[in-house]
Amino acid sequence: MSQASDNTGNPSIPSVQVRVEELPKASSGKFVSRMDKSTMDEIGVYNGDLVEIIGKNATSAIVLPLVEPNPADKYPIIQIDSFTRKNAGIGIGEYVQVRKAEYREATKIVLSLINKDERLLEKPKMIQNNILDKPVVEGDIINVTRNNIAQKKQPALEEFENILPIFKSPYTN
């Protein structure tokens with residue numbers, strides 16, 4: 001076990017270096033990562049806990065055990081989807097530090113569209129329901145639904161305000 005050597009978070013929390021692999025498509029876009037059980041035990045996380053993934057940037061995901069661990073793997077791995085890799089600033093085959101995440105519940109989240117020439121197709125309440133209880137780090141790019149939520153604007157359409165309404169958790173006053 002190694003300690004994270006960067007300045008993101010608490011360096012006293014045990015971490016491990018793992019190689020990044022592609023998350024199976026069935027789990028993609030669900031804010032999850034998959035690791036082998038022995039690596040999860042090493043950093044003290046259980047099925048459903050949040051882990052911090054530290055590459056060039058830090059992000060987080062819900063950790064689940066690998067569906068089919070490969071005993072031939074000589075190095076511990078983490079399977080993460082393209083959104084998580086992009087948020088961590090890394091690619092497949094690169095190495096990241098992973099540790100149990102320290103977190104707090106957000107009192108508000110402000111979302112904005114990435115492309116100014118898109119408009120929102122989903123209702124804000126549907127988006128709220130899709131991101132409730134999901135790990136989000138400030139600055140992360142996230143897919144807020146499993147459907148295509150944005151499309152190119154037609155010139156005749158009215159301009160769309162890029163900032164969505166602020167959502168509150170049902171646990172927040």
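Me: In what order do the elements of the protein chain run from the N terminus on?
Reply: This is a predicted model. Its protein chain holds three helices and eight strands. From the N terminus on, the elements run β-β-α-β-β-β-α-β-β-α-β.

Me: Among contacts in the protein chain between residues at least 6 apart in sequence, what share joins residues at least 24 apart?
Reply: The count starts with contacts between residues at least 6 apart in sequence. Within that set, the share joining residues at least 24 apart is 77%.

Me: What percentage of the protein chain's residues count as buried?
Reply: The accessible surface of the chain comes to about 10600 Å². Carbon and sulfur atoms own 51% of that surface. The chain has 173 residues, and the buried share of them is 39%.

Me: How do β1 and β6 pair, and over how many bridges?
Reply: β1 covers residues 15-22. β6 covers residues 95-100. Across the pairing, Gln 17 stands opposite Gln 97 in β6. The sense is antiparallel, and the number of bridges is five.

Me: Which residue in β6 stands opposite Glu 52?
Reply: Glu 52 lies in strand β3, residues 50-54. β3 and β6 pair in the antiparallel sense over four bridges. The residue in β6 opposite Glu 52 is Arg 99.

Me: How far apart are the closest N and O atoms of Glu 52 and Arg 99?
Reply: Side chains of opposite charge can pair when their charged atoms come close. Glu 52 and Arg 99 form a salt bridge. Their closest N and O atoms are apart by 2.8 Å.

Me: How many residues apart in sequence are the parts that Glu 52 and Arg 99 tie together?
Reply: Glu 52 forms a salt bridge with Arg 99. Glu 52 sits in strand β3 and Arg 99 in strand β6, so the pair ties together separate parts of the sequence. The separation in residues is 47.

Me: Are Glu 52 and Arg 99 buried or exposed?
Reply: Buried means under 20% relative accessible area. Glu 52 has 16% relative accessibility, so Glu 52 counts as buried. Arg 99 has 1%, so Arg 99 also counts as buried.

Me: Which elements hold Arg 85 and Glu 22?
Reply: The side chains of Arg 85 and Glu 22 meet in a salt bridge, 3.0 Å from N to O. The pair ties together parts that are 63 residues apart in sequence. Arg 85 lies in helix α2 (residues 82-88), and Glu 22 in strand β1.

Me: What is the relative accessible area of Glu 22?
Reply: Arg 85, its salt-bridge partner, counts as buried at 11% relative accessibility. Glu 22 is partly exposed, and its relative accessible area is 30%.

Me: With which residue does Arg 19 form a salt bridge?
Reply: The whole structure has five salt bridges. Arg 19 counts as buried at 18% relative accessibility. The closest N and O atoms are 2.4 Å apart, and the partner is Glu 21.

Me: What distance separates the C-alpha atoms of Asn 70 and Asp 36?
Reply: Asn 70 lies in the loop between β4 (58-65) and β5 (77-80). Asn 70 counts as partly exposed, at 42% relative accessibility. Asp 36 is 34 residues away along the chain. The C-alpha separation is 8.9 Å.

Key:
Residues are numbered from 1 along each chain as its sequence is written. This is a predicted model: local features need pLDDT of at least 70, side-chain atom pairs count only at pLDDT 80 or more; totals for chains, interfaces and linings use all residues. Side-chain values use heavy atoms; hydrogens and water are left out. A salt bridge is a side-chain nitrogen of Lys or Arg within 4 Å of a carboxyl oxygen of Asp or Glu. Buried means under 20% relative accessible area, exposed over 50%, partly exposed in between (1.4 Å probe, protein chains only). Helices (H or I, at least four residues) and strands (E, at least two) are DSSP runs, numbered from the N terminus. Two strands pair if DSSP finds at least two bridges between them. Contact means heavy atoms within 4.5 Å. Accessible areas come from the Shrake-Rupley method with a 1.4 Å probe; for residues, only the protein chains shown count as cover.
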